[in-house]
Amino acid sequence: MSIKVENITKHYGEQKALDSISFSIGKGELVGFLGPNGAGKSTMMKIITGYLQACSGEAYVNDELVTIKNTGLRKYIGYLPEHNPLYTDLYVKEYLGFVASLYKVKNRKKQVENIIGLTGLVNEQHKKIGALSKGYKQRVGLAQALIHDPSVLILDEPTTGLDPNQLEEIRNLIKNISQEKTVILSSHIMQEVEAVCSRALIINNGVVVIDGPVDKIKENSLQEKQQVIVEFDKNPDKRQLENIPGIGNVNFSNGKWFFESLNDNDIRPGLFHFAVKNNLVILTMQQMKQSLENVFQQLTK
C-alpha cells in the first residue's frame, strides 16, 4: 500500500482531533477525503506528510514509517495545503525552479517547463505570483506539489477559486495524475468528489464514519437497510405489503410506494412475488440512490 494509517490518535490539549483512525490507500487510487470543518481532515493529512507527529499510532508511505524527523520521506510526497503558501514576490517560473532545487530535481529546467505546461501556466510563467488570480495561484500550488514527481499526492481543497472551465481542466489533470500516483483529495464540494474520485472516506469528530466506493455509498449498499420505490398499476392494501418478508417501513406518496428493508437483504424479489401473486403489474421499481452530499449530511449531522 502507498499509504497505510494504523490507529492514529491526535490531541490538541484536551481536544481529541483524531481518534484511532485506520485506513489504507493503494497506488492508482483517487480518494475523496471528506468531513465537516473541525473533523480532523487537515490534521490527518499533515500527519501523513510528516508535518505533524501523532500522539499515538503509525502512518506509512511506501512502507516507510512517517515521522517529523524522517525528512527524506518527503521526496515521495507532493502536498498542496488548504492555505496555499507561495512566495508572491517571485515569478512563477522562478518559484518552481526554486522548489525543484530544494528537491534536487534532475534536469530541473526541463521538469519546470513540463510542469508549467501540465498545469496550464504557460502564459503566466513570467508573471509575479502576487499578480495572479486566485485560480492561477492554485495552479502554481499544484505545480509545486508535482515538481519532483512524487508517488503520493495530497491535495487539500485544490480547486478553490477556479472558474468552471479551469475546474474541469484541473479535475481532468488530477484524474490523469491518479493513474500513476496515490491521490488524497480533500474537498467540501461533494459534486467534485463524485466527478473525480472512485472512493470516498468520510470522517466526523475524529473517526471514520464510512469508507468505500462512491457509487456503492450513493446506492446505500454500504448501509444496513435497502430502500426501494415501486409504482403498481393498482394500489394494494398497505397491511399486505407490510407482511412481505424482509419489509420494514412502508409509505405511500404521489402514487408510489416507498419500502425500507429490515436488514441488508434484497427486498425486490419479494416485491415481485407479491405482485404476481396478487395480479398486480409493477410499472416502475427502483432502488433509491442518494447524492454524496445527502449521505455526507446524514453521517455528519
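**Helix H2 and its neighbours**

H2 passes H4 in a right-handed crossing. That is my starting point today. One caution before the details: this is a predicted model.

First, the pair itself. Helix H2 covers residues 92–102, and helix H4 covers residues 134–146. Their axes come within 9 Å and cross at roughly 25°. The cut-off for roughly parallel is under 35 degrees. H2 and H4 are therefore roughly parallel to each other. Who makes the contact? From H2, we have Val 92, Tyr 95, Leu 96 and Val 99. From H4, we have Val 140, Ala 143 and Gln 144. Sort those by class, and the contact of H2 with H4 has six nonpolar residues, one polar and no charged.

Keep the spacing on H2 in mind. An α-helix has 3.6 residues a turn, so residues three or four places apart point the same way.

Now the other partner, H3. Helix H3 runs over 108–118. H2 and H3 pack with their axes 10 Å apart, at an angle of about 125°. That makes H2 oblique to H3. The crossing of H2 past H3 is right-handed. On the H2 side, the contact uses Lys 93, Leu 96, Gly 97, Ala 100 and Ser 101. On the H3 side, it uses Arg 108, Val 112, Glu 113 and Ile 116. By class, the contact of H2 with H3 has four nonpolar, two polar and three charged residues.

Note Leu 96. It is in the contact of H2 with H4, and it is in the contact of H2 with H3.

Which residues of H2 are buried? Val 92, Tyr 95, Leu 96, Gly 97, Val 99 and Ala 100. What covers them includes H3 and H4. Just after H2 comes Lys 104, which takes a positive phi of about 55°.

Next, H4 has a partner of its own: helix H5, residues 164–178. The axes of H4 and H5 come within 11 Å and cross at roughly 10°. That makes H4 roughly parallel to H5. H4 brings Gly 135, Tyr 136, Arg 139, Leu 142 and Leu 146 to this contact. H5 brings Gln 166, Glu 169, Ile 170, Leu 173 and Ile 177. The class count for H4 with H5 is six nonpolar, two polar and two charged residues.

On to the rings. A pair of aromatic rings is described by the distance of the centres and the angle of the planes. The count here comes to four aromatic pairs. One of them is Tyr 87 with Phe 98. Their ring centres are 5.9 Å apart and the planes sit at 75°, so the pair is edge-to-face. Tyr 87 lies in the loop between strand S6 (77–80) and H2, while Phe 98 is in helix H2, so the pair ties together parts eleven residues apart in sequence. Phe 98 counts as partly exposed, at 35% relative accessibility. Ring pairs also bring in Tyr 95: Tyr 87, Tyr 95 and Phe 98 are linked into a cluster.

Here is another pair: Phe 252 and Trp 257. This one is tilted, at 4.7 Å centre to centre and 50° between the planes. Trp 257 counts as buried, at 5% relative accessibility.

Backbone next. Asn 254 has a phi near 50°, positive in a residue other than glycine. Asn 254 sits in the loop between strand S12 (247–253) and strand S13 (256–261). Its relative accessible area is 78%, so Asn 254 is exposed. Asn 279 also is not a glycine, and has a positive phi of about 55°. The loop that holds Asn 279 runs between helix H9 (268–277) and strand S14 (282–287). Asn 279 is exposed too, with a relative accessible area of 60%.

Last stop: strand S6, where we find Ile 77. Ile 77 is buried, with a relative accessible area of 5%. What does Ile 77 touch, leaving out residues up to four places away in sequence? Ile 48, Thr 49, Val 61, Tyr 103, His 148, Pro 150, Val 152 and Ile 154. One distance to finish: Ile 77 and Ala 59 are 18 residues apart in sequence and 13 Å apart in space, C-alpha to C-alpha.

Conventions
Residues numbered from 1 in each chain as written. Predicted model: local features only at pLDDT ≥ 70, side-chain atom pairs only at ≥ 80, totals over all residues. Heavy atoms only, no water. Axes fitted to C-alpha atoms, helices over the stretch in contact; angles between N-to-C directions. Helix = DSSP H or I, 4+ residues; strand = E, 2+ residues; numbered from the N terminus. Parallel < 35°, antiparallel > 145°, perpendicular 65-115°, else oblique. Left-handed = near helix turned anticlockwise from the far one by under 90°. Contact = heavy atoms within 4.5 Å. Nonpolar A, V, L, I, M, F, W, Y, C, P; charged D, E, K, R; others polar. Phe/Tyr/Trp six-rings, centres within 6.5 Å; stacked < 30°, edge-to-face > 60°. Buried < 20%, exposed > 50% of the residue type's maximum accessible area, 1.4 Å probe, protein only.
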